Number of protein chains: 2
Amino acid sequence: MTNAHPWFTQAVAELADPQNQRVWSIIVSLFGDMAQERGAKISGGALGRIIEPMGIKPEAIRVALHRLRKDGWIESDRVGRVSMHFLTEYGRTQSARVTPRIYARDPAPDTPLHLLIAEDGTGTRLLEDILLSHDYTPIGRNTALGPGAPPVDQDELLILEVTTRSVPRWVHEKLFPPDLRAACRSLHEAVRHVSQGRPASWEPTPCQIATLRTLIVHRWRRVVLRLPDLPDRFCPPDWTGPACRAQVFRLLDQLPRPLPEDLNQD
Amino acid sequence: MTNAHPWFTQAVAELADPQNQRVWSIIVSLFGDMAQERGAKISGGALGRIIEPMGIKPEAIRVALHRLRKDGWIESDRVGRVSMHFLTEYGRTQSARVTPRIYARDPAPDTPLHLLIAEDGTGTRLLEDILLSHDYTPIGRNTALGPGAPPVDQDELLILEVTTRSVPRWVHEKLFPPDLRAACRSLHEAVRHVSQGRPASWEPTPCQIATLRTLIVHRWRRVVLRLPDLPDRFCPPDWTGPACRAQVFRLLDQLPRPLPEDLNQD
């Protein structure tokens, strides 16, 4: 690591999430990206080679792995002196659930939308329950927009299929709050800058690729999973999401996903 | 009047609105039905012959006319010893505004609907202003449904074109409260009973026809103008509106509208 290319060191600094360097969350991003398949295992040594260049101490990695085991995300085997870590079935399910959204190269096509309206007062609780378990975007205390076919088993909600005519500023602000816009803008700039500066002479190890991929996926995940599942016209005019998405996948394509066995032998 | 046919006396009693016998409002219904055209005038004598059989005293008619003049609805001329009353331009405009809804024989065909959603909190006031001046039906504190094309000059509302999928009980109850359902049901029964009992031998005067028409129109007006301008599926299952409407117009057709000059010479 001490011999890392200066561009790599610089890229790691630029891609690190200024808001969230929680180690357990970074490990989740790492496994989701490079060891999501059943049977895929990452050695303790590889984890260190991938994560320590982010400025994270071995002790912090151990603590995070402990927590992830306790929460049922990760299991660990020991083969001789080598620890091998892998996602549990629960961890794989959780990971698989968000993978399509994280890795979608194009935003979802405009599907039909429907709106749920709950009764003022008593209906608020009912709507909250639905929001917890489905892909709805709350618009107000008693209204929520969702994609696709409306539910058929709900007889306490007014259900309307809708076509959007006009989206006011307060809806943009509500769905894309300032911190989300800032996170997207700064990621876009970081990824673009890192892409542009990459020297032709750089010959990365699989773990260096993994470090950069993990940082990119981790940070993009924290943007894309907050986006409402709604058509473009719900985005504010200054929304940089599509440009950021394009840039993220351009850089990931330049850093082809290494195989677990290459990481473990690095 | 003392010689009125017993069926007529009975019909007047059955058609009288149990909730509202405000004389000024009855006079408004009368002019709207039989003297809405510019130049149409009703004599004081005719007003008495039409309204007094409802059990309303001449003094109450004078007080009501005074109020309607003061409010700018009615003007009065005196030709010799005869007072002639007629709608002002303002009165005609007010009357003409609701005439299409009162006299529509078929409920409005299902037009496209749109929904306005205001921001929680601050948007409530904005929506209230719009409700005052347009044909919107409030669904909740921050949502209102309206027929036809959505407004184009509103940039503070989320505007959605909608197709109704499912209407819950609380929406039925909100749009068709118990007193409205009861008023519609009792009018339906009264009109049906009056229609069925009409003897072939009854030969009405124009003013007797006018008495019955006024009672019917007055009471129907107080039902139909409260109905939301929404498709059938927003009506509760026990809603008697369409049957009542049909019965009202069947009876009105049997009591052809007299001309003002026939009323005045009666």
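Guide: We can go from chain A to its pocket and cavity, and then to a few residues of chain B.

Visitor: Before that, what kind of model is it, and how do the labels work?

Guide: This is a predicted model, in which local features need pLDDT of at least 70 and side-chain atom pairs count only at pLDDT 80 or more, while totals for chains, interfaces and linings use all residues. Residues are numbered from 1 along each chain as its sequence is written, chains are lettered from A and ligands numbered from 1 in the order in which they are written, and side-chain values use heavy atoms, with hydrogens and water left out.

Visitor: OK, what is the secondary structure of chain A?

Guide: Chain A has eleven helices and seven strands, where helices (H or I, at least four residues) and strands (E, at least two) are DSSP runs numbered from the N terminus. Its C-alpha atoms fill a box of roughly 60 × 40 × 25 Å along the principal axes, and 50% of its 266 residues are buried, meaning under 20% relative accessible area, with exposed meaning over 50% and partly exposed in between (1.4 Å probe, protein chains only).

Visitor: Which residues of chain A does UniProt list for the PaaX-like N-terminal domain?

Guide: The unreviewed UniProt entry lists residues 24–90 of chain A for "domain: Transcriptional repressor PaaX-like N-terminal", with the caution that annotations may be inferred rather than shown by experiment. Over that span the chain is 51% helix and 21% strand, and the end C-alpha atoms are 15 Å apart.

Visitor: And the C-terminal one?

Guide: For "domain: Transcriptional repressor PaaX-like C-terminal", the unreviewed entry gives residues 182–249 of chain A; this span is 65% helix and 0% strand, with its end C-alpha atoms 19 Å apart.

Visitor: Switching topic, how much space lies in the largest pocket?

Guide: The largest pocket holds about 760 Å³ of space. On a 1 Å grid over the protein atoms alone, a pocket is an open set of points with protein on both sides within 12 Å along at least five of seven lines, a cavity is a set where a 1.4 Å probe fits but cannot get out, and lining residues have an atom within 4 Å of a point. Grid points are joined across faces, edges and corners, and a volume is the space filled by probe spheres set on the points.

Visitor: Which residues lie nearest the centre of that pocket?

Guide: Of the 36 residues in its lining, Arg97(A), Val98(A), Arg101(A), Leu225(A) and Arg226(A) lie nearest the centre. Helix H5(A) gives the largest share of the lining, eight residues.

Visitor: What about the largest cavity?

Guide: The largest cavity has a volume of about 90 Å³, and among its 14 lining residues Asp120(A), Asn142(A), Thr143(A), Asn142(B) and Thr143(B) lie nearest its centre.

Visitor: Now chain B: is Ile74(B) buried or exposed?

Guide: Ile74(B), which lies in strand S2 (residues 74–79) of chain B, counts as buried because its relative accessibility is 3%. Ile74(B) and Arg165(B) are 91 residues apart in sequence and 47 Å apart in space, C-alpha to C-alpha.

Visitor: And is Gln265(B) buried or exposed?

Guide: Gln265(B), in helix H11 (residues 260–265) of chain B, is exposed, with a relative accessible area of 68%. The C-alpha atoms of Gln265(B) and Glu161(B) are separated by 54 Å, and these residues are 104 apart along the chain.
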